[in-house]
There are 2 protein chains.
Amino acid sequence: MNEASVVAGLRALIGAPSGRVRVGIGDDAAVWSPGPGQLQVITVDECTEGIDFRRTTVRLEDAGWRALAASLSDAAAMGARPLLTVVSLVVPGDLDEGGVILLYQGMADLAARHGVQIVGGDLSRGEVLSLGVTVVGEVRPSNLKRRSDGRAGDVLAVSGPLGLSRAGLAILEGEVDRECIDATLVERAVAAYRRPQPRVAAGRFLGGSRSVRGMMDLSDGLAADLPRLAAACAAAAVIDADALPVDPACRAVAQAMGVAPEDLALEGGDDLELLCTVEKRAFGYLAERVRARLGRALLPVGRLEAGTGVFVRRGGVQRPLDVQGWEALRR
Amino acid sequence: MNEASVVAGLRALIGAPSGRVRVGIGDDAAVWSPGPGQLQVITVDECTEGIDFRRTTVRLEDAGWRALAASLSDAAAMGARPLLTVVSLVVPGDLDEGGVILLYQGMADLAARHGVQIVGGDLSRGEVLSLGVTVVGEVRPSNLKRRSDGRAGDVLAVSGPLGLSRAGLAILEGEVDRECIDATLVERAVAAYRRPQPRVAAGRFLGGSRSVRGMMDLSDGLAADLPRLAAACAAAAVIDADALPVDPACRAVAQAMGVAPEDLALEGGDDLELLCTVEKRAFGYLAERVRARLGRALLPVGRLEAGTGVFVRRGGVQRPLDVQGWEALRR
């Protein structure tokens, strides 16, 4: 069973969105119109202990932060401003009341940074700690970005270097000896894994740009997410591996692990950077504006082309992508 | 750890709702205003295998139906019209793609009855099957009912007889020999447990009545939910056990189990009837209108009084309530 196949089955069962619903199953968030000229986005993300995090490598506050971050990132990827959240928390037997408060403390810290209110939720007991976070946001209709709106010829760009969170995970899971990595890089990578920053300001800015066509977030890694974007756009995607913006910490960790830094960066989820497709002739100007306005580079990673499939160009040679990102239902 | 204490801790951590949020943590649903004159409700409910249902007693379609029903009922309890839902599904290893589709089939069946659209969700793997269902609805500001708006002197009333779902559970779990119960009653009770009907039309109608002050749904049973309503209203509640509207199936099952029918009806969750507090002098007229409009009786169960606590009056004697309903975090 894989996610794409199940999602296709569910779309067939449920049918196309109608009435006030504009975007249904299959994008980063659903979109509907509560009233004339208004659009809201709604998205949910589940974070489960043992699959999405371990209590041995993140604190409870971090687990709360990470869960909310994933849903805020989905709202950001639509160009929306997140407003509020409801949380379904499954509480295992070894978690006491103080532990529940710590989980919420982490969510509250991140929520406050983005002016998001935690408005409600559900508490239930269960075997395994799990946080289901729903976020509602709003977006000006002209700013809405769907992942399917990219076109052949567009530049593929990301809102920041890739692989930092994956590097943090490798360090925390002992895949590398942290003594072999520069301490500053270790600290940055671990912080990025524990407290990922959803690109809310970047999402709203890119949402407001006419040169940006398609957008999604990179929660599962470019290797998993780019094929979804390319398929949604009915286009092929080519990654330029030689120019891939790999975070220095990811580069150092990959070298210590003896793997190609580009491959680790492609596979790594949780970066929560945004992936967008940009009209080619407008890319330079947009990147300048992003730098001036957000103090952040908009980094090209490749392009959309006519056709299907995802390819990696390395040293002038183009091959099908053979790195795997995160697949939610893979066992 | 109990739910009330955790919820109090979370309210202290998160603070009072502000800005456009009108009702935060602690009611059936949160309420916020997306624009002038508009109110939306949002609520989430988690249904976990082994706690909220067993696959030995309900089919997968029923599990999907039940999960959505719980959240629709929360929206109904605010007086709102439910509009759309997002679903977070945790898929265990023994559930295949066909099983996931069956879960959604049950949700889609119920959603279609109420004009609700399933607009998105999240699929993840895990140890235990769990469905987290978020529902968004809208309500005219004058129709919003909070559970805290009841006053001493109000009549407590429910939208239908109690204990039917609990009777179905007793039959399915083998707490009674189903051969001892009339077959028609067995069928009704089992159907009520497997496919509970959220009182969406009743909720909207009662929402529109000025005589209805406070409202909530009875997902955890009157014995668990009435103390919450009374506490929210800063009032005492008295249940009139001699006049309690116990469903005939619950009465038959209780007799076969050798327990008091009223106690089984008080303890039984999942009825999804609405509990409301009604201005005393308007009760008779409202009950007539409910019968005329919805073909359903509005049944008195007791009253709110000055003071605190919940009491049961039986044969002229009043004692503190000593039946327990469902407590989400009890182990």
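How much area is buried between domain 1 of chain A and domain 2 of chain A? The answer is about 2,200 Å², and carbon and sulfur atoms give 48% of it. Buried area here is the accessible area (1.4 Å probe) that two parts lose on being put together, summed over both.

Before we go on, a word on the model. It is predicted, so local features need pLDDT of at least 70 and side-chain atom pairs count only at pLDDT 80 or more, while totals for chains, interfaces and linings use all residues. Residues are numbered from 1 along each chain as its sequence is written, chains are lettered from A in the order in which they are written, and side-chain values use heavy atoms, with hydrogens and water left out.

**Inside chain A**

Domain 1 covers 3-142 and domain 2 covers 146-320 of chain A, with bounds from an automatic or database domain assignment. Their centres, taken over C-alpha atoms, are 22 Å apart. The contact (heavy atoms within 4.5 Å) takes 32 residues from domain 1 and 22 residues from domain 2 of chain A. Thr57(A), Trp65(A) and Arg66(A) supply 24% of the area that domain 1 buries against domain 2, more than any other three residues.

**Between the chains**

Now look at where chain A meets chain B. Here 65 residues of chain A are in contact with 65 residues of chain B. The two chains bury about 5,500 Å² between them, 64% of it on carbon and sulfur atoms. On the chain A side, Leu123(A), Arg125(A) and Arg331(A) lose the most area to chain B, together 13% of what that side buries.

How are the two chains related? Chain A can be laid on chain B with an RMSD of 0.0 Å by a turn of 180° and a shift of 0.0 Å along the axis, which is the relation of a two-fold axis. The superposition is by least squares on the C-alpha atoms of residues with pLDDT of at least 70 in both copies. Since 100% of the interface residues of chain A are also interface residues in chain B, the copies meet through the same surface.

**Salt bridges**

A salt bridge is a side-chain nitrogen of Lys or Arg within 4 Å of a carboxyl oxygen of Asp or Glu. The rule finds two across the interface of chain A and chain B, and seven across the interface of domain 1 and domain 2 of chain A. Here is one of each:

| Salt bridge | N to O distance |
|---|---|
| Arg20(A) with Glu138(B) | 2.6 Å |
| Arg195(A) with Asp62(A) | 2.9 Å |
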